[in-house]
Amino acid sequence: MRGDNHLPAALQGLRIPAVASPLFIISVPALVIAQCKAGIVGSFPALNAREGEGEHPLLDTWLTQIREELDRHNQANPDRPAAPFAVNQIVHRSNTRLERDIELCHKHEVPIWITSLGARVEVNEAAHDCGGIALHDIINNRFAKKAIEKGADGLIAVAAGAGGHAGPQSPLALISEIREWFEGPLLLSGSIGTGDALLAALAMGADLGYIGSPFIATKEANALQGYKDMIVESGADDIVYSSLFTGVSGNYLRGSIENAGMDPDNLPEGDLKTMNFGDKREKPKAWKTIWGSGQGIGAVKDVTSVADLVDRYEREFNAAWKRLQRRMA
Ligand SMILES: Cc1cc2nc3c(=O)[nH]c(=O)nc-3n(C[C@H](O)[C@H](O)[C@H](O)COP(=O)(O)O)c2cc1C
């Protein structure tokens with residue numbers, strides 16, 4: 001990408017200005033490696049690497065595997081090096097593994113650290129100490145200011161329509177309020193389902209798009225076939241915003257709620273106090289097949305490889321840019 005030299009080195013030189021976001025359960029090394037090889041930042045939540053009692057930390061094994069595989073790729077393809085990878089830390093008091101996982105990420109010199117559900121000085125310091133950068137995700141301007149005060153290098157603005165714990169605000173409002181005071185790296189999360197939407201994120205003032213749900217419908221994603229198929233078959237109308245399943249409002253596939261025997265239009269409120277985002281996070285049995293997704297999945301027409309999905313984004317992004325230039329000429 002041209003015009004990215006205002007960004008930290010880890011976010012420069014991407015094929016398109018995009019980070020593939022971390023997805024609980026779904027982001028495993030095969031997905032992350034394919035995303036990085038395709039030229040965009042790949043990522044996973046540290047908590048996805050869960051070893052059995054008394055076993056060697058799976059996170060250690062995953063980080064070694066990702067590094068080795070990307071090194072091999074870079075040696076074989078010096079003209080097309082892989083993008084860096086990122087690890088997501090859930091900075092919530094229920095995450096009892098946080099300290100250990102920070103140590104492992106520090107040991108492996110993880111280049112990009114993504115923090116969610118809390119901003120903590122010591123996590124940012126650990127990232128900086130090993131040469132990494134820290135990006136914190138927020139849903140409003142107040143949390144954005146807090147994150148930067150606590151030492152984050154950049155922000156991920158999670159707007160309405162995002163998969164997972166989406167915020168309620170319009171991306172247009174959120175990005176413009178943050179850009180009034182913050183010139184650093186700013187990523188936009190929520191419904192970036194096409195290259196056109198990615199270009200729109202840049203036009204708004206974001207530096208990069210942060211893309212999640214479309215990667216669920218890829219061959220490399222660790223998701224059930226039924227989940228991948230439902231992403232392909234669904235559109236924005238099929239997304240339901242509810243706090244029932246984790247206590248924090250998030251977006252879910254209507255079909256998965258119906259399949260679980262519930263009425264998506266009459267869901268009770270969730271209770272944040274009883275919720276757990278930690279390493280022992282398990283969904284109650286009745287919610288095992290409640291599937292998360294953002295609204296931007298209308299453009300996902302089939303289950304493809306990550307390489308094909310990133311190719312599509314690049315084609316659309318370039319075409320949208322040309323179209324806009326013609327309009328403005
Ligand atoms: C199934 C699913 C699981 C997610 N898990 C996480 C997670 O573990 N950590 C996190 O920071 N964000 C998580 N997210 C949020 C995404 O990282 C990202 O903000 C969002 O998917 C972007 O919006 P989009 O899905 O519309 O592209 C998840 C999203 C989905 C759909």
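**Terms and values**

Modeller: Just after H5, glycine 151 takes a positive phi of about 105°; helices (H or I, at least four residues) and strands (E, at least two) are DSSP runs, numbered from the N terminus. This is a predicted model, in which local features need pLDDT of at least 70 and side-chain atom pairs count only at pLDDT 80 or more, while totals for chains, interfaces and linings use all residues. Residues are numbered from 1 along each chain as its sequence is written.

Biologist: Why is threonine 304 called partly exposed?

Modeller: A residue is buried if 20 or more other C-beta atoms, placed from the backbone, lie within 10 Å of its own, exposed if 12 or fewer, and partly exposed in between. Threonine 304 has 18 other C-beta atoms within 10 Å, and is therefore partly exposed. Its place is in the loop between helix H9 (254-259) and helix H10 (306-328), and, leaving out residues up to four places away in sequence, threonine 304 touches Thr218 and Leu309, contact being defined as C-beta atoms within 7 Å.

Biologist: What makes the buried residues of H5 line one face of the helix?

Modeller: In helix H5 (residues 141-149), the buried residues are Ala144, Ala147 and Ile148. Seen down the axis of H5, they fall within an arc of 95°, so they line one face; the arc is that of the directions from the helix axis to the C-beta atoms. An α-helix has 3.6 residues a turn, so residues three or four places apart point the same way. On the other side of H5, Arg142 and Glu149 are exposed, whereas the buried residues pack against strand E5 (133-138), strand E6 (154-158) and helix H6 (171-179).

Biologist: What makes E1 and E2 the edge strands of the sheet?

Modeller: Two strands pair if DSSP finds at least two bridges between them. Eight strands form an open sheet in the order E1-E8-E7-E6-E5-E4-E3-E2, with parallel pairing, and strand E1 (18-20) and strand E2 (42-45) each pair on one side only.

Biologist: How do you know that E6 and E7 pair?

Modeller: E6 and strand E7 (residues 186-189) share four bridges in the parallel sense, and at least two are required, so the two strands count as paired. Isoleucine 156 stands opposite leucine 187 in E7.

Definitions and conventions. Contact = placed C-beta atoms within 7 Å.
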